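Consider the model shown here.

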Amino acid sequence: MVWQYIPYSTLVFLAAIISAGLMVWGYRRRPAPGANWFTLLMFAAFSWALCYGMEMHSATLEATLFWSKMQYLGGASLAVAWLALVLTYTGRSTWLTWRHIALLSIIPLISLLLAWTNEWHELLWVDVGLESGNAFNTLKFTPGLWYWVNIAYAYALFVISTLFLIEAYVHSSPLYRSQTIYLLLFSTVTWVGNIAYTFGLTPQHMNMTPVTFSFSGLILAWGLFRYRMLDITPVARDIIMENMGDGVIVLDPNNRVVDLNPAAQEIIGYSLTEVIGKPLAQVLADWPAISQLCERGGEGVRTELALPDADGESRTFDLQVAPLHTKQGRLIGRLILWHDVSEQKRTETEMRLLLALTQDISTAPDLAAALHAALRLIVEHTGWVLGEAWLPNAAGTLLENGQVSYYSIENTESLHRFVQASREYTFASGSGLPGRIWASGQPEWHHDISALSVHEYRRVRHAAAAGLKATFGIPVLTGGEVMAVLVFYMTYPRPEDSRMAGLVSAVAAQLGTVLQHKQAEETIHLQAAALNATANGIVITDRDGTIVWVNPAFTKLTGYAPEEAIGQNPRLLKSGEHTPSFYQRLWDAILSGQTWQGEMINRRRDGSTYVEEQTITPVRNAEGEITNFIAIKQDITNRKQAEEELRKLSRAVEQSGSSIIITDLKGDIEFVNPAFTRVTGYSVQEAVGQNTRILKSGKHPPEMYRELWETIERGEVWRGEFINKKKNGEFYWESAIISPVMDERGKIAHYLAVKEDITDRKLAEEALVQEQRKTDELMRNILPADAVDELKKTGRVLPVLFESASIMFADFANFTATAEQLGPQELVGHLDYYFTAFDRVMEKYGLEKLKTIGDSYMCVSGLPVPSETHAVDIVMAALDMLDLVRLEKERRQHDGRPYWEVRIGISSGPVVAGIVGQKKYAYDVWGDTVVMAARMESSGEVGQVNISRPTFELVREHFDCQYRGKISAKHKGTVEMYFVRGRL
């Protein structure tokens, strides 16, 4: 294909682009009325302009002819799409049926077909050629017959469309006239371009139709956007104003009435002639709020308004105030639309109530929950403050408070008191408001119950305290029977609201059916649950004995699943332990209509046998014929075994050597065995009926008995020991285990005490404890407490290294000379006196005495329990020992008796401590520190505390120490020594 550049085509392609954009814009608005036709119209313009542009660029006859034919895809459908858009806009969219559209499209489709087959018939173009000499090549032809038919048809549709638009303009308001002008302008520009081309009036014989169509589409799009033509369409005033169900009032800019339809006249109560030209504030003087809405400048307002009608009923309107402007934005008036939504509101309320009621009641778990849901929904939807339910009692003699109510959050406290007081009332048939409704089955409405007598309304005093006034009671009926009575209350007097009463009556009717089903379901579920949950196996058979139903307990009892048992005969359980005559007697009894009861041994699926207690009852139909048998089976194998075990236990209790007592919950004795009589001296007759406190010895505090009772009352076992008192007043020890005995409900029914006389054992234990105490005291006098504990636990004491401890040696200087003047006993007595006094000093400072050797005394500080002050503590002890010996010396000198003086040495450092040997245990320490302490004592002086250099470093800040220099010590060479002169 040969192409040529034609500057004129730029305008055509621009028109195609504009049409494509408008097509997309219209497609996005397709939910609006007429948007689809506008989209089709712009698609036709787009395809026509695009193909025409391609024709202008074609340089050969074949290419030019091809694109000329392609133009008929859009050109042939333009007129039909435009007519459809106009019909939609002018309110005639009902004409656009598929049949009518098909008829309108016949000629365009024929034109398209003839264009593509023109070479065969030349009905459209005759003598087709290529005309040159212009700015671009064009198709040269002589118009055929169908060419003029197609043109005439398109112009005819154009004329019809224009007439419809002119009619719409004449009968439309100023707003819609502006819209119509845009449509007429689009139509005029488009078809003027086509007429100019058809009659050869265009430059270069250029077809301006697709160009004018696309550019005038901008005009149409602006009108569609500015006036939302695709959303609203003008309809004749007599159709809108006269036939609308909604009220319409048209105002001028000064809010004077210029028009209103019959529906508005009915709403406000005035005719058109009475209000034309009058201010709205005067016309609607009773509703000043509406006038105020119209004074809000140019803004639109929408609200809901409730107004009373002629019958005193409330009507709800969806009220809209819309400003009317010219295209320049000047306010030319206002439109008030009154849409009566009263019925819609009531219907919505009723539907929500009924739907919610059905759903909530259906899903309620029980009858009480269903009633509560119904009361709640009715109270919330009606605006009443309280609803209550009254139900017949089981005997059907009285109407009782259903213990079900619902009240709003207002006056909650007072309403709660009213509800609580109401629960104490019952009503006989015909008595009080609920009783009258129960008797009559008819609803009652009272304008103000506070004006009723006590006979008419028995709870009038409680209602007055709660501020309750208007009351409505309604029966809930099922098959003419009153299942319940619902009563509702308001806190202000109110005449009967027939519609509201009707709504609640409808709810009550629905409630009756649902409650009957709920009650039946509850009964069925209860029965089914009882049958399935019962611990007894249940089997239903037909008259021939074939199993038709079993419950889960049967499967648990026998091991046969339902699918294995159903269809079988009960003989599958036979154990062979009974004679044929046993079964014959059973069948004779049940076939005669009697109930058979007895015990039999049956066999499970696994082959094991069991004993069951069985009751078989015949079931009769309405005619009295036996149709089925119901067998209730209880496994009593364990009971049989328990009975046997009980017999054994009874014999064991009677022969037991332990006392066994059974009491009630107060501790009163109900049973004792012979061992109790043997131990306590009380006979069975003397004990039974008495409280266990007859055995109290008074040796235990009240807290012990309180703890015992708290334990067993919690259901726990108490174990302990008592000192009790026998009948003859003798005390004895006993060990007791007291256990609660539970009944089948798991509650404590009795207490069981098993007691054993442990007097001899307690005496032996006491003697053993005394001996053990003496042994412990003796060992603790010999060994440190920690060493004693370790020796008792492990049988030995492992040596332990102590990093820092202080060792003291004390020796009497003139012991040998003095000993020669004393007898042995007197000598030992003197040593005992000093060493005992030294022991008290050790205890005072927390030192550990290790041993005495002759007249030497050895102790240690800082073990077996480490101490940071071990050196200070042992020096303090040494000074006290010096003072003690000096004072004793002064007393003995005064009395002329012999006396001793002491020499003390101390050293500090690491030591190893422990017990050596397996017999005659002795706790001792080893190490160089021990040797050094001995050298401090032997190198010291009488009446002095001699310490080593390590000890001095530890105590120098606490004591006045005198440096002696380096002193020769046996096997140690020269050692630095210090005398402790006293405390700082």
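Glu953 and Arg949 are four residues apart in helix 35 (residues 949–955), so about one helical turn separates them. Helices (H or I, at least four residues) and strands (E, at least two) are DSSP runs, numbered from the N terminus. The two side chains form a salt bridge, with the closest N and O atoms 2.9 Å apart; the term stands for a side-chain nitrogen of Lys or Arg within 4 Å of a carboxyl oxygen of Asp or Glu. Glu953 is partly exposed at 35% relative accessible area, and Arg949 is partly exposed at 33%. Here buried means under 20% relative accessible area, exposed means over 50%, and partly exposed lies in between (1.4 Å probe, protein chains only).

The model is predicted, and local features need pLDDT of at least 70, side-chain atom pairs count only at pLDDT 80 or more, while totals for chains, interfaces and linings use all residues. Residues are numbered from 1 along each chain as its sequence is written, and side-chain values use heavy atoms, with hydrogens and water left out.

Side chains of opposite charge can pair when their charged atoms come close. Over the whole structure, a search finds 26 salt bridges. One of them is between Asp635 and Arg604, whose closest N and O atoms are 3.2 Å apart. Asp635 belongs to strand 18 (residues 626–635) and Arg604 to the loop between strand 16 (596–603) and strand 17 (609–620), so this pair ties together parts that are 31 residues apart in sequence. Asp635 is partly exposed, with a relative accessible area of 33%, and Arg604 is partly exposed as well, at 21%.

Another salt bridge is formed by the side chains of Arg983 and Asp880 (3.3 Å, N to O). The pair links distant parts of the chain, with Arg983 in strand 31 (residues 973–983) and Asp880 in helix 33, 103 residues apart. Arg983 is partly exposed at 44% relative accessible area, whereas Asp880 is buried at 15%.

How many aromatic pairs does the structure hold? There are 27 aromatic pairs. Rings of Phe, Tyr and Trp (its six-membered ring) pair if their centres lie within 6.5 Å; planes under 30 degrees apart count as stacked, over 60 as edge-to-face and the rest as tilted. Tyr147 and Trp148 have ring centres 5.4 Å apart and planes at 90°, so the pair is edge-to-face. Tyr147 is buried at 11% relative accessibility, while Trp148 is partly exposed at 43%.

Trp384 and Trp445 also make an edge-to-face pair, because their ring centres are 6.1 Å apart and their planes stand at 75°. This pair links distant parts of the chain: Trp384 is in the loop between helix 17 (367–382) and strand 8 (386–392), and Trp445 is in strand 11 (residues 444–446), 61 residues apart. Trp384 is buried, with a relative accessible area of 2%, and Trp445 is buried at 14%. In a further part of the model, ring pairs link Phe812, Tyr833, Tyr834, Phe835, Phe838, Tyr857 and Trp900 into a cluster.

Rings also take part in contacts with lysine. The charged end of Lys574 sits over the ring of Tyr583, 4.2 Å from its centre, and Lys699 lies over the face of Phe731, 4.9 Å from the ring centre. A charge sits over a ring if NZ of Lys or CZ of Arg is within 6 Å of the ring centre and within 35 degrees of the ring normal.

The backbone has some features of its own. Most residues other than glycine have a negative phi, and most peptide bonds are trans. Glu122 has a positive phi, near 50°; its place is in the loop between helix 7 (118–121) and strand 1 (125–131), and Glu122 is partly exposed at 36% relative accessibility. Gln403 has a positive phi near 55°, lies in strand 9 (residues 399–407) and is partly exposed at 45%. Leu863 and Pro864 are joined by a cis peptide bond, with omega about 0°. Pro864 is in the loop between strand 26 (856–861) and helix 33 (870–895).
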